[in-house]
Amino acid sequence: MTELDIAKYLRQTRDMMHEVSVQWETPIGPKQILLNDYLNLDVSLSELTFKTQSVLLNVPGKQPRQDEQEVLALYSQAFVQFLTISLRQQWTHLMVMTDEDIAQFGRFPQRHLAHQFMGIKTMLLNSYHQKRQADFSHAWRSFLKLGLVELGISQADLHKAIQNNFNDNYA
């Protein structure tokens with residue numbers, strides 16, 4: 001049995017969404033909230049791309065050091081942001097993963113993480129602009145595969161990081 005309890009995380013995310021929105025200094029309208037959620041996820045994925053050294057700077061600047069704890073924290077943050085979008089879109093049924101689904105992820109590892117990040121972002125943009133559940137589902141599965149296979153994050157470590165995300169930021 002997997003360590004990841006997605007149903008529990010969805011409940012925690014729902015509670016967090018209500019808590020966080022009342023803390024915003026500048027509230028946004030209902031039509032902008034979903035856009036805000038997608039943009040937050042995009043920023044997290046961009047930071048994760050940078051911290052995993054999947055992209056190299058082509059302008060002067062320091063290359064990031066890869067810090068496993070920071071990568072795990074960023075990944076768990078993006079994980080919760082995926083859940084947030086699924087709740088807003090009422091696509092929570094797409095989030096459910098069986099042990100067999102997760103076991104299948106290891107069959108085709110991606111060597112070039114930049115391709116995987118770009119694919120996830122493309123599918124997310126399609127799911128936002130065209131309201132396509134299939135693209136969101138595929139982005140979600142690719143994101144899970146990225147973490148569990150390519151980045152080698154264990155389910156136990158991911159579970160702890162997700163709980164820390166809730167405990168540290170929204171308790």
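In which sense, left-handed or right-handed, does H2 pass H3 in its crossing? Here are some notes on that and a few other points; please keep in mind that this is a predicted model.

1. To take the opening question directly, the crossing of H2 past H3 is left-handed. Helix H2 covers residues 30-51 and helix H3 covers residues 68-89; their axes come within 9 Å and cross at roughly 160°. Since angles over 145 degrees count as roughly antiparallel, H2 and H3 are therefore roughly antiparallel to each other.

2. On the H2 side the residues are Ile33, Leu34, Asp37, Tyr38, Asn40, Leu41, Ser44, Glu47, Leu48 and Lys51. H3 answers with Glu70, Val71, Leu74, Tyr75, Gln77, Ala78, Gln81, Phe82, Thr84, Ile85, Arg88 and Gln89. Sorted by class, the contact of H2 with H3 has 11 nonpolar, 6 polar and 5 charged residues.

3. Next, the largest nonpolar core, which has 46 residues. The members that touch the most other members are Ile6, Phe79, Phe82, Leu124, Phe136, Trp140 and Phe143. At least two residues of this core come from each of H1, H2, H3, helix H5 (113-129), helix H6 (133-150) and helix H7 (155-170). Which helix gives the most to this core? That is H3, with 11 residues.

4. Setting aside neighbours within four places in sequence, Leu124 is in contact with Tyr38, Leu41, Leu45, Phe82, Phe136 and Ala139. Of these partners, Tyr38 and Leu41 also belong to the H2 side of the H2 contact with H3, and Phe82 to the H3 side.

5. Gln116 also sits in helix H5. Is this residue buried or exposed? Gln116 counts as buried because its relative accessibility is 8%, and the cut-off for buried is under 20%. Neighbours within four places in sequence aside, the contacts of Gln116 are Gln110, Ser142, Lys145, Leu146 and Glu150.

6. Finally, Glu3 lies in the segment before helix H1 (6-21). With a relative accessible area of 45%, Glu3 is partly exposed. Apart from neighbours within four places in sequence, Glu3 is in contact with Tyr9, Gln155, Ala156 and His159. If you want a distance to check, the C-alpha atoms of Glu3 and Phe105 are separated by 16 Å, and these two residues are 102 residues apart along the chain.

Key: Residues are numbered from 1 along each chain as its sequence is written. This is a predicted model: local features need pLDDT of at least 70, side-chain atom pairs count only at pLDDT 80 or more; totals for chains, interfaces and linings use all residues. Side-chain values use heavy atoms; hydrogens and water are left out. Helices (H or I, at least four residues) and strands (E, at least two) are DSSP runs, numbered from the N terminus. Buried means under 20% relative accessible area, exposed over 50%, partly exposed in between (1.4 Å probe, protein chains only). Contact means heavy atoms within 4.5 Å. Axes are lines fitted to C-alpha atoms, for helices over the stretch in contact, and angles run from 0 to 180 degrees between N-to-C directions. Angles under 35 degrees count as roughly parallel, over 145 as roughly antiparallel, 65 to 115 as roughly perpendicular and the rest as oblique. A crossing is left-handed if the near helix is turned anticlockwise from the far one by less than a right angle, and right-handed if clockwise. Ala, Val, Leu, Ile, Met, Phe, Trp, Tyr, Cys and Pro count as nonpolar, Asp, Glu, Lys and Arg as charged, and the others, Gly among them, as polar. A nonpolar core is a set of buried Ala, Val, Leu, Ile, Met, Phe, Trp, Tyr and Cys residues joined through side-chain atoms within 4.5 Å.
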